[in-house]
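Dear colleague,

My notes on it follow, and I would be grateful for your reading of them.

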Amino acid sequence: MDFPQNMSMEEAFALAEAEAKLNQALSESKSRFENAVLPNRLNEDWRFGRPHKYAAALAEQLLSDTPSQGEAEVEHAGEAAVPVNADDEDLRQTEMLMPTIGSDALLGMHLERFGNGYALYIEEDTNEPIVIRYKTNSLYTPSTYIMVAPGVKAHIIEQHYGSEKGTIFATRNIQVAEGAELKVELTPYGCARSMVITNIQNMGGKVAHYSHYFACDWAREETLAEIYTPGSDIQLFSANHLDHHQVIDQHTRQIHHVGNATSNLLYKNVVDDSATAIFAGNIYVAPGAHHTDAYQSNRNMLLSEKATVHSLPGLEILADKVRCSHGSASAPMDEEQLFYLLSRGIPRADALNLVAYGFLQDVVDKFNRS
């Protein structure tokens with residue numbers, strides 16, 4: 001390692017120690033991918049997720065000769081957005097260190113298929129939302145890196161378009177500095193397969209993250225929200241309307257490495273026809289992370305007797321003086337609400353849509369107010 005001439009011995013030792021830790025972490029990650037196996041029925045993190053069908057199909061596509069091809073564009077970012085590709089070794093290392101929720105083998109395949117994407121270094125408040133679009137009619141494996149400077153307010157919308165039922169497998173690393181405020185929207189459209197792995201690292205800011213999947217045959221979303229600094233706040237939202245044979249499989253972890261911080265989650269689904277919604281969430285409070293305030297809620301409305309919901313919230317608390325809880329509820333539509341609309345001459349199909357819309361709109365309103 002070459003050190004600057006004006007660097008003190010203490011700074012040099014700290015830099016050398018940091019590089020040694022990074023090299024060790026990268027070595028462990030390489031071993032992690034080499035030993036990873038594809039998700040199977042015995043993988044608890046894929047419980048009810050039908051890995052023998054969906055994970056296997058995605059892996060088969062990733063291992064095929066199909067090139068990773070797609071379009072990437074960004075609006076309203078100015079000089080804050082920098083295109084990235086597989087030649088950027090630093091960003092590849094960042095992706096290598098990403099945690100997953102049972103998908104190490106698939107992330108390893110993504111590394112081998114590293115497509116292009118964007119790195120956003122946001123150092124000034126955004127006057128209007130930055131919009132990132134990824135499009136494909138085949139297979140696309142983009143990566144997004146978002147870093148928000150201290151005290152900066154930003155709003156980002158990331159859209160995935162799978163025209164002609166393309167597959168998009170995206171990774172997203174989000175880092176928020178002290179005092180920053182970030183709102184992020186994730187909206188995949190029309191994908192045959194959509195897989196998104198997101199790692200949020202909060203260093204004392206405020207993050208609100210919202211996802212909405214539209215007309216995707218199968219979607220797997222893994223969101224890890226990590227808090228490293230007291231005073232941090234993370235809000236996770238999702239609202240989805242599933243029909244036909246659509247499947248959405250969402251897994252979350254709210255990880256409190258330190259105390260005196262807040263995280264909340266509200267995921268809602270309207271499930272119709274033979275669709276399936278799966279939610280598995282975990283709140284982890286590390287030893288010594290006292291005065292943590294964390295909550296998660298999963299609510300589902302079933303519009304068909306053939307619709308299926310699996311809801312698995314969980315807590316792992318290793319500290320004292322915390323306020324942590326979770327809630328889950330799945331039920332048919334409220335007949336009184338439906339009757340009220342029908343009694344006023346609204347056709348049944350429109351009444352069903354209105355009640356479902358109101359059920360999901362609650363999530364959108366809370367995200368907008370966050």
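A residue is called buried when its relative accessible area is under 20%, exposed when that area is over 50%, and partly exposed in between (1.4 Å probe, protein chains only). Helices (H or I, at least four residues) and strands (E, at least two) are DSSP runs, numbered from the N terminus. The model is a predicted one, in which local features need pLDDT of at least 70, side-chain atom pairs count only at pLDDT 80 or more, and totals for chains, interfaces and linings use all residues. Residues are numbered from 1 along each chain as its sequence is written, and side-chain values use heavy atoms, with hydrogens and water left out.

I begin with helix 2. Seven of the ten residues of this helix (residues 54-63) are buried, so helix 2 is largely enclosed by the rest of the structure. The buried residues are Tyr-54, Ala-55, Ala-57, Leu-58, Ala-59, Gln-61 and Leu-62. They pack (contact means heavy atoms within 4.5 Å) against helix 4 (104-112) and against strands 5 (139-140), 8, 10 (193-202), 12 (218-227) and 14 (247-256).

Strand 3 comes next. Five of the six residues in strand 3 (residues 117-122) are buried. Strand 3 is joined to strand 2 (residues 81-84) by four bridges, and the two run antiparallel; strands pair if DSSP finds at least two bridges between them. Within this pairing, Pro-83 has Tyr-118 as its bridge partner in strand 3. Strand 3 is also linked by six bridges to strand 6 (residues 143-148), which runs parallel to it, and there Tyr-121 stands opposite Met-147.

As to nonpolar cores, each is a set of buried Ala, Val, Leu, Ile, Met, Phe, Trp, Tyr and Cys residues joined through side-chain atoms within 4.5 Å. The largest holds 45 residues, of which Leu-120, Ile-122, Ile-156 and Leu-182 touch the most other members. Strand 8 (residues 167-176) gives the most to this core, with four residues. Apart from it lies another core, of 20 residues, including Phe-33, Leu-58, Leu-107 and Met-195. Leu-120 touches, among others, Ala-80, Ile-130, Tyr-145 and Ile-156, leaving aside residues up to four places away in sequence.

Finally, Gln-296 lies in strand 17 (residues 293-302) and is buried, with a relative accessible area of 1%. Its C-alpha atom is separated by 6.8 Å from that of Ser-325, 29 residues apart along the chain. With residues up to four places away in sequence not counted, Gln-296 touches Thr-252, Phe-279, Pro-313 and His-326, among others.

Yours sincerely
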